[in-house]
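Subject: Structure handover

Hello,

Here is the structure you asked about. Please open it next to this email and follow along.

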Amino acid sequence: MNWNFWLPIFLPLSSLVTALLILVIRENQHRLRTFVNLLGATLKIVMVAVVGYGVYTQHAYEARMPLSLTLDLVLRVDDISLLFLALSSTLWFLTTIFAVGYLEGSPHQSRFFCFFSLCMTATMGISLAGNLITFLIFYEMLTLATYPLIVHRGTEKALRAGRIYLAYTLVGGAVTLAGTAWIHTLVGPTQFAHGGVLAPLAPTHRHQLQAIFTLMIVGLGVKAALFPLHGWLPTAMVAPAPVSALLHAVAVVKAGVFGIVRLIYDVFGVKFAVSLGVLAPLSWLAGFTIVYGSIRALFQHDLKRRLAYSTVSQLSYIVLGAAVFGASGTIGALAHLVHQGLMKITLFFCAGILGETWGIHGVDELSGIGRRMPLTMGAFTIAAFGMIGTPPMAGFVSKWYLGLGGVRAGDYWVLAVLIASSVLNCAYFLPIIHDAWFGKSRQDSVALPQRRSLVVPAAETSLPLLLPALVTAFMSLTAGLFAGSHFSPLGAARLITERMYAP
Amino acid sequence: MTAQYSVYALAGGLLVGFAFHALAIHTHVLKRILAWNTLGSAAFLVFGAIARRNTGAPDPVPHAIVITGIVVAISSTALALALARRIDEENKK
Amino acid sequence: MSGALPILIGGPFAAAMVSFLFTGAIGRALSVLLATASAVAALATSIEVMRSGVQIHALAGWGAPLGIELRIDGLAMLMLLLTAGISLAVTTFAAGYLKGDAQPHFWPLWYFLWGALNTVFLVSDIFSLYVCLELITLAAVGGTALSGDRIALSASLRYLMSAIMGSLAYLLGVAMIYAQVGTLDLTQLSGRLGSSWSSGAALSLVTAGLAMKTALFPLHFWLPAAHSLAPAPISAALSAMVVKASFYVLLRFWFQLSEPTSNQLAAHLLGALGMAAVLWGSVQAALQERLKLVVAYSTVAQIGYLFFIFPLFGGALAAGRSEWAQEAWKGGIILILAHAVAKSAMFLVSGALLQTFGSDRISDLKGAAVRAPLTLAAWGIAGISLIGLPPSGGFIAKWLLLTTAIRQEYWLYVAVLLLGGLLASVYVFRVLWHSFLTPEEMPSVSRIPGSMSISILALTVVLLLMGLRPAIPLEFTLIGIPLPAGDLR
Amino acid sequence: MVLDLLLAASLLLTAWRSLYANDPLQAVGLFVAYGLLLALAWARLDALDVALAEAGIGAGLTGALLLGASRHAADRSFSDRIASPMMRAFLAAGALSLTSIVALALWSLRKPRGPGIAPLVSAKLSESGVKHPVTSVLLNFRSWDTLLEIGVLVVAAFSILALRLARSPPRKYDPMLAALVRVMVPILGVCGGYLLWAGSHRPGGAFQAGALLGAAGVLLQLAGYDLLADSARRGFRALLVVGFGTFLCVGIGVSTLGHQILEYPPTQAGSLIFWIELVATISIAVTLNLLYAASGSGAT
């Protein structure tokens, strides 16, 4: 068997098989379902590790299947995809554990986990996509697979959120399709390649290419929640907490951001994109979104909504880094792709624990909760400080490189944006943290714990909920502390960037 | 023979116009059935004229076509009438 | 010539006779056997076409122009396969679906319809096509009226009238073509029609008549009622195959008889009507309250896309880019196939939901995602293809049409292709929204027979396969198509 | 020539009057007259087969069907037209342009353009098993069309049976009618038999014969025989489909003998055609009767 061919296929396929298996598992066979889920997730991590080692030892993984005469479905492992693969497979494993704990005893779990795994399939496909058409196929598949998760609760509110989500993402998908088809008509079948593939067209097609870039950014910007296309993200908060965690850290929004990175670096080529003059407007938009998202977050009273606007803001860090020319910006963008995922998923895990255990949803209900749930709030605090960008947290590392990138490119306004955003981050995170640790307990108003079947009686909530949050918090801490290491997200980002800017 | 062709072909053309107009403007089922039968027969007449265009014996192929067409026409007419009758039955219920 | 052909042709007709004469279990079994044999024969014939190219069979041994020829090229082969596949699914579904006194009447009509569809795709004679189309019409009208309520009967009568008007326009065109060229054989006619005043008139009549039968906007007025009020298996056949039969004939006339480059204006007129159909049909579909009406209006919209093939193809040839024309052609054919499979699945799903919930009102579908998850999943997958999302046959079709339109800078067509997909997602997901709603009390449901589920499942699997391996049908779309551009093989 | 012109003018006139008549009975009556004139026109065009078919099926049986229906249609809505003046003007313009396009196109085709298929038919006539060209086209050269055409009749019958029409009340016994039936039915039967036999070498054939036998059946129905009552009987059903079934079996059957579909062995062509025509005639007659009965004409 040719592993170089089959591994890229097995990666998404293993999730698909998991999804199908779950479909045939009866609703009440919880143990079996959990076993299949975790088996699939573990298998995936192992495969990603194997692939990672393979890439390190100069293996080329590529699977190519013809769709039509001029169209290939290409699954390929390159450096960026490996980064995304590692992030998503790890976080997926943790989110699966969290989801098992979170959904315990609730109905329709088979449906939930089936689509959960389908989402993973699509995310794997997105990270492995070797050309635009493959990317598009999985990108649309992700849209569809996420929908049932958002409307999972079946309430009017959830359905409304689902409707808004679909309206945004399907329009975005259609625009992306148009851009992709347009590129296809200009250069025929292409592959992602550092340095881009469109540069030869420059002399004759300048305006067309600018139009295409705009189309693609509009299309991808929906999932990346760029202002003014971010409207769906805060509404989608009604989904169950594991779904929110997934949406914000790994799957949907990251697909959009990942697509933008691919577009700039592997389709247009960053140098060519600069020469087209399309990157500067994008960076301005990203800068605006950063500030806008932070300001909006400040005024949210629902914890999850506040986190959602924070995501809007944080995602644009990545876009900003990608759009500012220069190696430092790129390093910052790629590192933040991972860092943001680790930190944000921690925050959402914690929000989920608070909601599930104590029925806490508003930011003003957190008073004194830190004393009752020290571990949860500890994780929350670590992640929040990361978001603010206090050294030596992971967020600081990425912000440092972003700022450096702005300065090197001569865009000093980037610094201003970063500082403003950090101040705003403080403003919306610090009060929460302060309240939680030092505020007065409001025993009267807080509901009794909803979780009675605690595995460890002394623990503050059930283990499947708590463990993932602690692990991701730990990871986001170490990602900052050991940023200098070769195997840290930053190290990987530097390696990739070197190759991107290689002449 | 050309003269005969012209007479009947043009008559067919005019009949097509009448029948189309009658079919489009009327709403009653029977009227429309009459109109489509006329339209059909006009098309058949055109075939007949074409068969007669050359000198010598007429072309038998259009004749066979027309006979086929006539049978098709009565089949659909009968089905339409039966449908109309069935609708009447339902209305009377 | 293949020995399978007689079985392919005779099977369904024989099944119709048998099921008419013997209504008992043995008659049913025998007729199913005969019809299945025909489907197998379709497969065998297709394999022969794949292996050795176009198959020609001179009926009665005379050959054109004296006799009538059957000609199976790539397009005909795909249509025959499609007919066989969908007919098998419909037959399986109907066995579980139909009840009551309509049932013994259904089978003869249905098998006749199946047989008639086969003949359209086989025959290469423009008058014989008329008879075949009439055969389809009468069987389809009879099937539509089966439910027997007043609205359904009126709808079938209107359907019959419209179809016959279309046929007569077609027949008049055939008369003129015969007067001009002196043959009725499609292959012999190709390239000999020229571009005279009379050939233009003849082609216009043929096109108008077939557009009526295909229900191209604004001649679609008869379709929604007829397709939605027929029993579900018949609806599936109507939307999937019957409208495609007349469209197939139209393709033959446009690409085999006339010079596609010479009537680009007419092609754009068809394209414009197609665009109007896409928008109008999709909006109407989104506004309907009944599931089957949604699906029927969706057919109006999807038919619109099919007509894009004329301007896209002709424009490409006029620009001297036959490789673009090929893509447009392929896109159109895949769209026919994908839509047929998706639409039949959707109608069968509607039938299944109707039987499960006792209503086909969308608002009554609350809780359906819990009670009938697989049926709704099938709806979703079929919907994905209609919207044109991957992985589905519809996506590939849309991609091919979209790229051809962009290449020729037909931006209006590009816009409608994209917008149509979005509108389609509205009506597809509207059904899902309702089904995901959790009602206060779960609706009581009746179980549907396994045969119904199996046929729906089979269709969705085919649909997904078409999206994953579209190269397979794409390879065959060009076999023996005598397209005017010389370098199209 | 003058006769042709007169005939054409009267065709147009009767068609016009029939299509725009306000009284259903008058409309149908005029339509039958139109059909008979059309039969004359066919005779003028040297198409006696078509003339017979038109007179028998087009004017005769269709007229009978319509006549029955016209009795139920005697309401005010009969002459209803589309009310909107815009639409009416649009339709008038449409009809006018359609006529002119068709007429002009046909006019431009008045010059003969080569002989068409006719010479081929005469050349191969001797191999077809019959001596009459139209029959050779219908039953041999283009037998496929004829097979499907009989199929059309069968499908129409299926569709009508599927409608499950209510049975008409039985007719009252009418001594005059009974006497007429006693005389006419045998005569029609004999004439039909003759036409069927004649078809092999002169105008006539299965459809014309079937029409005559169908007419005989219609007379029987008029005399009180209820055909729809028997529609569930297997014998009746067998008669209905035996024509199509036999034709199909022969057509497919010959292909197992190494021939093409519908290709008769040259030596047996004549007799095969005769037998096919015979059973087809029976089916056609039965089907036409069913069509008549279903149109509601049988009801009083």
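How does the radius of gyration of chain A agree with that of a compact globule with 503 residues? Such a globule would have a value near 23 Å, and chain A has 22 Å, so the two agree. The radius is taken over C-alpha atoms, and the globule rule is 2.2 Å times the number of residues to the power 0.38.

Some ground rules. This is a predicted model, in which local features need pLDDT of at least 70, side-chain atom pairs count only at pLDDT 80 or more, and totals for chains, interfaces and linings use all residues. Residues are numbered from 1 along each chain as its sequence is written, while chains are lettered from A and ligands numbered from 1 in the order in which they are written.

**Confidence**

The predictor gives the complex an ipTM of 0.88 and a pTM of 0.92. Chain C averages a pLDDT of 90, and 98% of its residues score at least 70. pLDDT is the predictor's confidence in each residue, from 0 to 100. Look out for residues 485-489 of chain C, where pLDDT stays under 50. The model has ten contacts for that stretch beyond four places in sequence. Two residues are in contact if their C-beta atoms, placed from the backbone, lie within 7 Å.

**Chain A**

Chain A has 20 helices and two strands. These are DSSP runs, numbered from the N terminus: helices are H or I with at least four residues, strands are E with at least two. The C-alpha atoms fill a box of roughly 70 × 55 × 45 Å along the principal axes. Of the 503 residues of chain A, 61% count as buried. Buried means 20 or more other C-beta atoms within 10 Å of the residue's own; exposed means 12 or fewer, and partly exposed lies in between, with C-beta atoms placed from the backbone. Now take contacts in chain A between residues at least 6 apart in sequence: 80% of them join residues at least 24 apart.

**Between the chains**

Four pairs of chains are in contact, and chains B and D share the most contacts. There, 78 residues of chain D meet 64 residues of chain B. Helix 3 of chain D gives the largest share of its side, 13 residues. By class, that side of chain D has 55 nonpolar, twelve polar and eleven charged residues. Nonpolar covers Ala, Val, Leu, Ile, Met, Phe, Trp, Tyr, Cys and Pro; charged covers Asp, Glu, Lys and Arg; the others, Gly among them, are polar.

Chain C also touches chain B, with 21 residues of chain C against 25 of chain B. Helix 6 of chain C supplies the largest share of the chain C side, 15 residues. That side divides into 17 nonpolar, two polar and two charged residues.

Chain A and chain B do not touch; their nearest C-alpha atoms are 41 Å apart. No contact joins chain A and chain D either, and their closest C-alpha atoms lie 37 Å apart.

**Inside chain C**

Strand 1 (residues 55-58) and strand 2 (residues 69-72) of chain C pair in the antiparallel sense over four bridges. Pairing takes at least two DSSP bridges. Ile56(C) has Arg71(C) as its bridge partner.

Ile136(C) touches Val120(C) and Leu113(C), among others.

Best wishes
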